[in-house]
Amino acid sequence: MLPLSPKDLPAADLAISQLEQGHSLWSDAWHRLRKNKLAVFGGCLLIALALLCFFGPFFSQSYEDQNLDLGATPPSAQHWLGTDTLGRDLFARILFGGRISLMVGLVASAVALIIGVTYGAVAGYLGGKIDAVMMRMVDIIYALPFTIFVILLMVFLKDPMEKFDTWFAQFSIIGDTRGVGKILLLFAAIGAVEWLTMARIVRGQILSVKKMEFIEAARALGYGPRRIIFRHLVPNILGPIIVYTTLTIPAVMLLESFLSFLGLGVDAPMSSWGTLIKDGAEKMEEFPWLLIFPGGIFSLTLFSLNFLGDGLRDALDVRSSKD
């Protein structure tokens, strides 16, 4: 039997066959994100900076090699971004400092993400007096000055972290482990104060989603609260979570830079963008390149993260009109 041509099909069947295939929420979001040129530019630039910071130090000069006879010199063919007052290559130190700053931003944001999502989801789902008590605790912590809290945490836990460095060095197989304890303390301290807004956002989303039919169906099937929260509720609010996470990373990096500017960041000879900016600010009149290059790279990274975060916010907004 010969196949039927489109002319032989009934009009209704032909109309159905020509219907455009549907798209999921994520495919629509990806389509809108690709049309946002600033977001795409920010994402590409962020990936390029991250790859350069993590792999560049393997091919550049050492970040800690000193040349006191050379001292601070402006950019040249040998030292692309110049050297600092101890004769260390500034380009290598910016790349290594990018590792620390980006790692602090990502890990501390992950800590805040885990605490905030769990806390806010539990409070929103349980509701009632439990929700009221949990959110009043958030309000109390909000009343504390975040920066002073982090500074106090860094100061009081400094000695235990130094003992941890000594203990960790006995079992380490990765070589030099100086400052590992202080970096871990930075992760914990910053993450411990950045989860509050995430908890509020997640709680608000959970309060609206938990009244939907599929949650009622999950309860009717006998699913427990833990399964409903983490298998049904949280996956359905990933859009706002992803957006706020991308906007949390630059805030965390700024806080790390502020702590490094106060001398509470990583210890010498290690560097972060915050410590490089601090050193450059002290000598900006004599050696301006020590501030211009680290500050420029740091600002470029923050702009990229903000552009990407704004683009994700627009792309994942389900109320946006479909193109």
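Let's start with contacts along the chain. Take the contacts between residues at least 6 apart in sequence: 71% of them join residues at least 24 apart. Keep in mind that this is a predicted model.

Now the fold. How many helices and strands does the protein have? There are 14 helices and zero strands. Read along the sequence, that gives α-α-α-α-α-α-α-α-α-α-α-α-α-α. The protein has 323 residues, and buried ones make up 40% of them.

Please find helix 5 on the screen. Helix 5 runs over residues 128–143, so to speak sixteen steps on your sequence: 16 residues. From first C-alpha to last, helix 5 reaches 23 Å. At 1.5 Å a residue, 22 Å is expected, and the value is close to that.

Which residues of helix 5 are buried? They are D131, M134, M135 and V138. Look down the axis of helix 5: the buried residues fall within an arc of 90°, so they line one face of the helix. An α-helix has 3.6 residues a turn, so residues three or four places apart point the same way.

What covers that buried set? Helix 4, residues 90–126, is part of the cover for the buried residues of helix 5. Helix 9, residues 196–209, is included too. Now turn to the face of helix 5 that points away from the buried side. That face carries the exposed residues K129, V133, I140 and A143.

Next, the charges. The structure holds eight salt bridges. I'll begin with D139, which takes part in a salt bridge with R136 and in another with R200.

First, R136 and D139. Their closest N and O atoms are 3.0 Å apart. Both sit in helix 5, and being three residues apart, they are separated by about one helical turn. Buried or exposed? R136 is partly exposed, at a relative accessible area of 46%. D139 is partly exposed as well, at 27%.

Then D139 and R200. Here the closest N and O atoms are 2.4 Å apart. This pair links distant parts of the chain, with D139 in helix 5 and R200 in helix 9, 61 residues apart. R200 is partly exposed, with a relative accessible area of 39%. Remember that helix 9 is also among the elements covering the buried residues of helix 5.

Over to K283 and E282. Their side chains meet in a salt bridge, 3.9 Å from N to O. K283 counts as partly exposed, at 24% relative accessibility. E282 is exposed, with a relative accessible area of 52%. Elsewhere, salt bridges that share partners join D84, R88 and R93 into one network.

R93 brings us to the last topic, helix packing. Which residues of helix 4 meet helix 13? They are R93, I94, G97, G98 and S101. On the side of helix 13, the partners are W273, G274 and L276. Helix 13 covers residues 273–282. The two helices pack at an angle of about 130°, and their axes are 7 Å apart. Helix 4 and helix 13 are therefore oblique to each other.

D139 pairs with R136 and with R200.

How values were computed: Residues numbered from 1 in each chain as written. Predicted model: local features only at pLDDT ≥ 70, side-chain atom pairs only at ≥ 80, totals over all residues. Heavy atoms only, no water. Helix = DSSP H or I, 4+ residues; strand = E, 2+ residues; numbered from the N terminus. Expected span 1.5 Å × (residues − 1). Buried < 20%, exposed > 50% of the residue type's maximum accessible area, 1.4 Å probe, protein only. Arc of directions from axis to C-beta. Contact = heavy atoms within 4.5 Å. Salt bridge = Lys/Arg side-chain N within 4 Å of Asp/Glu carboxyl O. Axes fitted to C-alpha atoms, helices over the stretch in contact; angles between N-to-C directions. Parallel < 35°, antiparallel > 145°, perpendicular 65-115°, else oblique.
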